[in-house]
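Dear colleague,

I am passing on the structure below, together with some notes on what turned up in it. Please read the notes with the coordinates open.

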Amino acid sequence: MVAGHQLLMHPNTPLPSSWNPVHPLKISDPLTPFTQWKLSQAASEPAVCLRVLEEYSSVTAMSDFEHTDQCYIRNRVEVSGVGDVSIDAVETSCPIALRLAMWEHHSLQPAAMALLGVSVQKINHIGSYNCRAMRTGRGETTRMSTHSTAAAIDISGFQLADGRRLSLIDDWPGGTLDAQFLHQARDGACRFFKLTLSPDYNALHADHFHLQSRGWGLCR
C-alpha cells in the first residue's frame, strides 16, 4: 500500500503521467484506461478545465452568462481554436471546448491523415448556445435543449489543409474516402462526448453532428 502511494506521489516516479490517476488530464497524453476518468474530472472542475485547455487551445475565460433559470452559460469560455485547428469564435461551456480538443487531437487528425493524407485545418460549426426547446421529428417539445445551457455544439463540416471543404450534408453518404472520414469523425466523437448524433440519427441532423457534454452514451 505504502509502496503504491510512493509510486504515484514521488516526484521522480517512473509511472507516465497518462497512467498516473493523480496527475490531471493532459490533452496530448496517450489514451489509457484512466483517460475517460481524468476527462470527467477535468470537465467537472472549472479551474482545472480551463487550465488543461489553455495549454492546448485558443480560449478565453468569460464570466457566467445568466439569461433565465433555463438559459445560461456557466463555466463560459470563448474558443477560437483547439490544437491545430481553428474554429469561428464561439461562446460555449468549458466542458464542450475540452471535449472538442480531445476529439481533435485523438480522433480527427489521425483519421484525416490516415484516410485523406492531409490534416484538418478548421472545424465548421453552427453554434453552441441557443435558448430554445428540444426539437424532434414531431416538432418542439416542452423540454429545453442542451443548447440552452451551452452543453452541446453542432458541427457542420471541416476544412482540410489542402483547401478542400467537407460538409455533412454533401459528403456523408456513399463509400468515398471523404464519407469514411466523416463516419470515423462521428465514431471518434463518441469516445469523448456523452451523446453524439449524426445524419444516421434522423433528418434533423442531416447537416451536422450534435455533440453533448451531458448524456447517456448514445452514439448514432
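In what follows, axes are lines fitted to C-alpha atoms, for helices over the stretch in contact, and angles run from 0 to 180 degrees between N-to-C directions; helices (H or I, at least four residues) and strands (E, at least two) are DSSP runs, numbered from the N terminus. The model is a predicted one, in which local features need pLDDT of at least 70 and side-chain atom pairs count only at pLDDT 80 or more, while totals for chains, interfaces and linings use all residues. Residues are numbered from 1 along each chain as its sequence is written, and side-chain values use heavy atoms, with hydrogens and water left out.

On helix packing, helix H3 (residues 46–54) and H4 pack at an angle of about 35°, their axes lying 10 Å apart. The contact (heavy atoms within 4.5 Å) brings Cys49, Leu50, Val52 and Leu53 of H3 against Cys94, Pro95, Ala97, Leu98 and Ala101 of H4. By class, the residues of this contact are nine nonpolar, no polar and no charged, where Ala, Val, Leu, Ile, Met, Phe, Trp, Tyr, Cys and Pro count as nonpolar, Asp, Glu, Lys and Arg as charged, and the others, Gly among them, as polar.

Turning to pockets, a pocket is an open set of points on a 1 Å grid over the protein atoms alone, where a 1.4 Å probe fits, with protein on both sides within 12 Å along at least five of seven lines, and its lining residues have an atom within 4 Å of a point. A volume is the space filled by probe spheres set on the points, which are joined across faces, edges and corners.

The largest pocket has a volume of about 600 Å³, and of the 26 residues that line it, Met134, Arg135, Leu197, His205 and His210 are the closest to its centre. Strands S7 (133–136), S11 (195–197) and S12 (209–212) each supply at least two residues of this lining, the largest share, three residues, coming from S7. The lining of the largest pocket has nine nonpolar, 13 polar and four charged residues.

The second largest pocket has a volume of about 280 Å³ and is lined by 16 residues, of which Ala43, Ser93, Pro95, Ser213 and Arg214 lie nearest its centre. Helix H2 (35–44) and helix H4 (94–116) are the elements that give two or more residues to this lining, and the largest share, three residues, comes from H2.

With best wishes
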